Amino acid sequence: MRAILVKDGKGPIENLYLGEAPEPVLRPGQVMVKIKAFGLNRMDILQREGRYPVPPGASEILGVEFSGTITALSEGVPDFKVGDAVFGLAGGGAYAEYIAVESSLLLPKPPHLSWIEAASIPEVFLTAYQAIVMYCETKKDEHVLIHAAASGVGIAAIQLARTRGARTVTATASTKEKLDWLLSMPNGATHAVNYKAQDFAEETKKITEGHGVDAVVDFVGQSHWKKNIDALARDGRMTMLAMLSGSVVQEVNLADLLYKRLRIQGSTLRSRTVEYQADLVSRFSKEILQNITGPNGKGPIKSYIHKVYSWTKIQEAHRDMEANVNIGKLIVEID
């Protein structure tokens, strides 16, 4: 089969190329999907550079979310049939014509979602659902702070917080263009802060009239740590999903965690067991999926696509992802 491969196993963007790879072999409980489209995620950059080991048993090919059509099933898969249109999550292997994936990580593609829109949902919305609903336990009238808010996960998290009744949702990003867009989208941010020009801890105190934020979703890590702790209200919760600025904080005052009764949760969805991921997919399907539409749909939650690429343009797609130019998802179509 054709697949996007990395010359020498790891390296810069220039090492990405469209080549030939063995077609995957089904294991019990898996189905084979002929992929129509796949989503890009920042972990793909780390894996391409050799800095993100794949989970045991996962494909070495990049890619963790996709949409497509089932072409074969192993024994003991009752919920799907050949020809079904699906989308889903994988430990790896989505940058390819075919993927073998656990049936429990697949969802039927709703007719109102295109292949492109469906491929944009699994990784970002499941991660956002995990952060906003399961870990931060966001409730009605609470105040929420979301960093890297113009990313796919950030946009999903904003909408999930709003639909759960958050009183304020403050988004941080680095440009006026991104912040204006986040404020303008339906069920978008109620407030926006340019973290390069403003102190988001001080701004959120003003926004919440001194209360502080009840929940933080952070991807940035080191550079945001102290301000995140400062911004959090008593009994606040923070979910850490990445460490884009670094992982080491030189000095930490534990008194704030103690006296403010803070709860901090880290998570990487890809490293979770299939059982955990399957339960997450099931909960998400029952509680959220029916509310998601494309950008022009009427649902309360929308998936926004920044740009769609042919997979012959995979280097261009990775350049755009590294440059952080996107507002919403970057999606690749298989020609």
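Student: How many cavities of 30 Å³ or more does this structure have?

Tutor: Two. This is a predicted model, where local features need pLDDT of at least 70, side-chain atom pairs count only at pLDDT 80 or more, and totals for chains, interfaces and linings use all residues. Residues are numbered from 1 along each chain as its sequence is written, and side-chain values use heavy atoms, with hydrogens and water left out.

Student: What makes a space a cavity rather than a pocket?

Tutor: On a 1 Å grid over the protein atoms alone, a cavity is a set of points where a 1.4 Å probe fits but cannot get out, while a pocket is an open set with protein on both sides within 12 Å along at least five of seven lines. The largest cavity has a volume of about 50 Å³, whereas the largest pocket holds about 1,200 Å³. Each volume is the space filled by probe spheres set on the points, which are joined across faces, edges and corners.

Student: Which residues line the largest cavity?

Tutor: Val124, Phe125, Gly152, Ile155 and Gln159 are among them; a lining residue has an atom within 4 Å of a point. Helix H4 (152-163) gives the largest share, four residues. (Helices, H or I and at least four residues, and strands, E and at least two, are DSSP runs numbered from the N terminus.)

Student: And which residues are closest to the centre of the largest pocket?

Tutor: Of its 46 lining residues, those are Arg42, Met43, Phe219, Ala242 and Leu244. Helix H1 (42-48) and strand E17 (329-333) are among the elements that each supply at least two residues of that lining.

Student: Why is asparagine 228 called buried?

Tutor: Buried means under 20% relative accessible area (exposed is over 50%, partly exposed in between, with a 1.4 Å probe and protein chains only). Asparagine 228 has 0%, so the word applies. The residue lies in helix H7 (residues 225-231). Leaving aside neighbours within four places in sequence, asparagine 228 is in contact (heavy atoms within 4.5 Å) with residues including Leu145, Phe200 and Met238.

Student: Is isoleucine 132 buried or exposed?

Tutor: Buried: isoleucine 132 also has a relative accessible area of 0%, so it falls under the cut-off. You'll find isoleucine 132 in helix H3, touching Val144, Ile146, Leu160 and Val217, among others.

Student: How do you know that the buried residues of H6 share a side?

Tutor: In helix H6 (residues 200-207), the residues Phe200, Ala201, Glu203 and Thr204 are buried. They cover an arc of only 165° around the axis, so they sit on the same side of H6. That arc is taken from the directions from the helix axis to the C-beta atoms. What covers them includes strand E8 (143-146), strand E11 (213-218) and H7.

Student: What makes a group of residues a nonpolar core?

Tutor: The set must be buried Ala, Val, Leu, Ile, Met, Phe, Trp, Tyr and Cys residues, joined through side-chain atoms within 4.5 Å. The largest one here has 89 residues, and Phe38, Phe66 and Phe284 have the most contacts inside it. Helix H3 (residues 122-135) gives the most to this core, with ten residues. Another core, of 13 residues, lies apart from it; Phe200, Val213, Ile229 and Leu262 are among its members.

Student: What does phenylalanine 38 touch?

Tutor: Not counting residues up to four places away in sequence, its contacts include Phe66, Tyr95, Trp311, Ile314 and Leu330.
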